[in-house]
Amino acid sequence: MGSAPDSFAPILLQLMLGVGFSALILSLAFLLNPKKKSKPQDTFECGVTYYGDARGLFNIKFYLVAVLFILFDIEAVFLYPWAVNLIGFKEAGLGTFFLFEMFFFLLILVVGLYYIWKKGALEWD
């Protein structure tokens, strides 16, 4: 019987690349942003004049679709490494367990999708 994947080097490399890329983008944004000499005279920090009332109505569907996109995007992020490592876990004798774990994970997502579909969250007026 084999063992689970031996090295955490790919995980650490991906973590370092993610943190490094995030730090690079934040540093570039800080260095390249326009510098303002004085504070704006209105309530927004960007200096753009505002219009209308801040308590106006807005459509929540856009935010709901964004949250759903993030949910299913995270699902795809979890599916890829699982699929790559499934053969290693199968050789270690854990393949069936991890296969059923992924089916359970996907079942939860399908039930959630069915729920939001029945609630009408994906319907545009």
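Helices (H or I, at least four residues) and strands (E, at least two) are DSSP runs, numbered from the N terminus. By that definition the chain holds 3 helices and 0 strands. Along the sequence, the pattern reads α-α-α. The model is predicted: local features need pLDDT of at least 70, side-chain atom pairs count only at pLDDT 80 or more, and totals for chains, interfaces and linings use all residues. Residues are numbered from 1 along each chain as its sequence is written, and side-chain values use heavy atoms, with hydrogens and water left out.

Confidence was examined next. The score used, pLDDT, is the predictor's confidence in each residue, from 0 to 100. The chain averages a pLDDT of 80. At least 70 is reached by 79% of the residues. Helix α1 has the highest confidence, with a mean of 92. Helix α2 (residues 61-91) has the lowest, with a mean of 82.

An unreviewed UniProt entry places the feature "transmembrane region" at residues 12-32, 62-83 and 95-117. UniProt positions are given in the numbering used here, feature names are shortened, and annotations may be inferred rather than shown by experiment. In the model, the span 12-32 is 100% helix and 0% strand. Its end C-alpha atoms lie 30 Å apart. The span 95-117 is also 100% helix and 0% strand. Its end C-alpha atoms lie 33 Å apart.

Exposure was computed per residue. Buried means under 20% relative accessible area, exposed over 50%, and partly exposed in between (1.4 Å probe, protein chains only). Of the 125 residues of the chain, 9% count as buried. I11, in helix α1, is exposed, with a relative accessible area of 52%. The C-alpha atoms of I11 and P81 are separated by 9.9 Å, although the two are 70 residues apart along the chain. L32 lies in helix α1 (residues 9-32). L32 counts as exposed because its relative accessibility is 67%.

L32 also belongs to a nonpolar surface patch with F21, L24, I25, L28, F30 and L31. Together these residues have about 780 Å² of accessible area. Such areas come from the Shrake-Rupley method with a 1.4 Å probe; for residues, only the protein chains shown count as cover. Like charges are joined within 9 Å, nonpolar side chains (Val, Leu, Ile, Met, Phe, Trp, Tyr) within 5 Å.

Aromatic contacts came last. Rings of Phe, Tyr and Trp (its six-membered ring) pair if their centres lie within 6.5 Å; planes under 30 degrees apart count as stacked, over 60 as edge-to-face and the rest as tilted. The count comes to 3 aromatic pairs. The rings of F78 and F105 have centres 6.2 Å apart and planes at 90°, so the pair is edge-to-face. This pair links distant parts of the chain, with F78 in helix α2 and F105 in helix α3 (residues 95-118). Their C-alpha atoms are separated by 10.0 Å. F105 counts as partly exposed, at 27% relative accessibility. Ring pairs also link F89, F97 and F98 into a cluster.

How values were computed:
Patch = residues over 30% accessible without salt bridge, like charges linked within 9 Å, V, L, I, M, F, W, Y side chains within 5 Å. Salt bridge = Lys/Arg side-chain N within 4 Å of Asp/Glu carboxyl O.
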